[in-house]
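This report is for a reader meeting the structure for the first time. Please look over the sequence and the model before reading on.

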Amino acid sequence: MPHKLSNLWEKIANYDTLYTAWKEVKQRKSKKVNILRYESNLSSNLSRLENSLLNENYRPKPHFEFWINDPKPRLIQAPHLEDRIVQHAVCNVLRVPLTNRLIAHTYSCLLDRGTHKCSSQLQKYLKDKKYKYYLSLDISKFFYSIDHIILFSQIKKYIKCTKTLNLLWLFITVNGGDKGIPIGASTSQILANLALNPLDHFAKRELKLKTYLRYCDDMIALFEDAEEAHYAFDAIKNKVRQLKMELNSKSGVGWVDQGVDWVGYRHWRHYKLIRKRSLKRLKQKISTDCSIETTMAYLSHAKSTASLRKVASLLWSSNKYQRPEIFYWLIKHKNHILKDIVNLVVD
């Protein structure tokens, strides 16, 4: 087992770390009133925040709560401004060393990983025709069901610094109760990875699943025969229950040749498509007002799929004023389809 992380507090409760975190929190929000107010006396505010951490007087405030539909209803618990700054500081200090304690094939909210790499790795496995079945797993109400005591026991396996542990416990329990971590908090991204870390090691070390992948609470593995897949399903279901969670009704075994719907894509052995509901959401977005950031995000999401031509065509035909950006993106990434896209629209 790797050594526990120590000497973290000096890096977290540090003006320079807090200033870097502030710049991250401020991104794309620089015109908001609370940001402008805080920035008007930034040096004093950050110094006061640093002192409250050093003196161990800092206490996070209960989060703002609101609902979104994405596409199902989700309760978002958003931290206050100073709490976001501290959380970013914590994440910047912990993210890399904690990543080294995770398995190589977990991909959510980690540097140099993410949905694209996760999807590409699944595609590599699918090209091996010996795999005929897949096991898809999803935790029911994942963030809301994470047990505080079990999660904290995982954190203590890897972190020795008492003050950092105390701060993380404050973030875990800020909204009360004995279960659940807030979806809107940046620290929850790291904590969510640790919450299922025991399951990852169980799948890789005890079940010996060579094709096991995880993105947040979505897991998948490929199998040569159905019996092996169902055995793994039952074993993982029991392990999840030991963590005081439950798999949802969508979890189960399927046939690879019917396509594997995962991390935003529908995968086949030699190609993949964007999910139909993602295309539907794109059409809704561009019918109202699609920002350039959203346009670039959709192009990047479709980049390695057989859906790119359709996505680029929709964006080109509906975003007249963004065509220069779309044009140069296509030149850089997919020059061979540019002529087809441009010829679709005759002004």
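This is a predicted model: local features need pLDDT of at least 70, side-chain atom pairs count only at pLDDT 80 or more; totals for chains, interfaces and linings use all residues.

## Salt bridges

Side chains of opposite charge can pair when their charged atoms come close. The count of salt bridges in this model comes to nine. Among them are the pairs Lys250–Asp138, Asp147–Lys244 and Arg275–Asp261, described in turn below.

## Lys250 and Asp138

In the salt bridge between Lys250 and Asp138, the closest N and O atoms are 3.7 Å apart.

Lys250 has a relative accessible area of 61%, so it counts as exposed, the cut-off being over 50%. Asp138 has 13% and is therefore buried, as the limit is under 20%.

## Asp147 and Lys244

Asp147 pairs with Lys244 in a salt bridge whose closest N and O atoms are 3.9 Å apart.

Asp147 is buried, with a relative accessible area of 8%. Lys244 is partly exposed, at 47% relative accessibility.

## Arg275 and Asp261

A salt bridge also joins the side chains of Arg275 and Asp261, at 2.5 Å from N to O. The two residues are 14 residues apart and are described as linking distant parts of the chain. Arg275 is in the loop between β9 (272–274) and α13 (276–288), and Asp261 is in strand β7 (residues 260–262).

Arg275 counts as buried at 18% relative accessibility, whereas Asp261 counts as partly exposed at 37%.

## Positive phi angles

Most residues other than glycine have a negative phi. Which way does the phi of Glu56 point, positive or negative? Glu56 has a positive phi of about 60 degrees, although it is not a glycine. Glu56 is found in the loop between α4 (42–54) and β1 (64–69). With a relative accessible area of 39%, Glu56 is partly exposed.

Asp112, another residue other than glycine, has a positive phi near 65 degrees. Its place is in the loop between α5 (81–99) and α6 (115–126). Asp112 is exposed, with a relative accessible area of 66%.

Conventions:
Residues are numbered from 1 along each chain as its sequence is written. Side-chain values use heavy atoms; hydrogens and water are left out. Helices (H or I, at least four residues) and strands (E, at least two) are DSSP runs, numbered from the N terminus. Buried means under 20% relative accessible area, exposed over 50%, partly exposed in between (1.4 Å probe, protein chains only). A salt bridge is a side-chain nitrogen of Lys or Arg within 4 Å of a carboxyl oxygen of Asp or Glu.
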